[in-house]
Amino acid sequence: MNPDAHWDAVYEAKPAESVSWYAPHLRESLRHVVSAAAHRNVAIIDVGGGESTLVDDLLAAGYRNLTVLDVSTVALAATRHRLGSAANNVRWLVADILEARLASAAYDLWHDRAAFHFLTSDMQRRRYVAQVLASLRPGGHVVVGAFGPEGPEKCSGLPVARYSPDALHEAFGEPFQLLDHSIELHTTPSGVRQQFVYCVFRRGSG
């Protein structure tokens, strides 16, 4: 099954509040994003945003140059419906991040919670990082949250990669400086605890 068909089926089968990665607010993501993006006019892309409420909270915090990308048409349609007229203040992209045509040096901050860990091959990870390098401005920041070493081995029926902070930094490579990291224990709607590792990187000026 193609990624778009898989994720459309997931979002059609379950309400947003019942998927394992659901949280009413992505507090750890928001904390890192606000810390890295002090000015409210910076360009932010949320990769794999799906039905997440991060975009709601960023709009409420005053950010106005926002892009949300997801492979699922169903998920983005639901988020736009939830936001109502506020959705007009966001750019929406339905695409596989590995294939998306993103504008060059378009973003100041790249956020990803729970998308990167689905990339289980070196080729996929290299392609992802190439997308970041192409579309993130020099000096820009990356906030990425992925399953930690004690996290699950599968999610939504798919295998995942798990990372320590150092391993996640290694996956992004030398162009990125590790500024901060944190561990979050996410509680799923069914009560299962999942370990997430968050890293904040800054892209070099070269």
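Tutor: Start with Phe172 and Phe176. Both are buried in this predicted model. Their rings form an edge-to-face pair. The centres are 5.7 Å apart, and the planes stand at 90 degrees.

Phe172 has another partner, Phe201. This pair is tilted, with 40 degrees between the planes and 5.0 Å from centre to centre. Look at where the two residues sit. Phe172 belongs to helix H6, residues 165–172, while Phe201 belongs to strand E9, residues 193–203, so their pairing ties together parts that lie 29 residues apart in sequence. Phe201 is buried, as is Phe172.

Now widen the view. Ring pairs join Phe172, Phe176 and Phe201 with Trp110, Phe116, Tyr128 and Tyr163 in a cluster. The count for the structure is 11 aromatic pairs.

The charged end of Arg113 sits over the ring of Phe196, 4.8 Å from the ring centre.

Next, strand E4, residues 107–113, where Leu109 is found. Leu109 is buried, with a relative accessible area of 1%. What does Leu109 touch, leaving aside residues up to four places away in sequence? Its contacts are Val33, Ala36, Ala37, Ala43, Ile44, Ile45, Leu136, His141 and Val143. Take Ile45 from that list. Leu109 and Ile45 are 64 residues apart in sequence, yet their C-alpha atoms are 6.5 Å apart in space.

Finish at helix H1, residues 3–13. Its buried residues include His6, Trp7, Asp8, Val10 and Tyr11. An α-helix has 3.6 residues a turn, so residues three or four places apart point the same way. What covers the buried residues of H1? The cover includes helix H4 (73–83) and strand E7 (158–159).

Notes: Residues are numbered from 1 along each chain as its sequence is written. This is a predicted model: local features need pLDDT of at least 70, side-chain atom pairs count only at pLDDT 80 or more; totals for chains, interfaces and linings use all residues. Side-chain values use heavy atoms; hydrogens and water are left out. Rings of Phe, Tyr and Trp (its six-membered ring) pair if their centres lie within 6.5 Å; planes under 30 degrees apart count as stacked, over 60 as edge-to-face and the rest as tilted. Buried means under 20% relative accessible area, exposed over 50%, partly exposed in between (1.4 Å probe, protein chains only). Helices (H or I, at least four residues) and strands (E, at least two) are DSSP runs, numbered from the N terminus. A charge sits over a ring if NZ of Lys or CZ of Arg is within 6 Å of the ring centre and within 35 degrees of the ring normal. Contact means heavy atoms within 4.5 Å.
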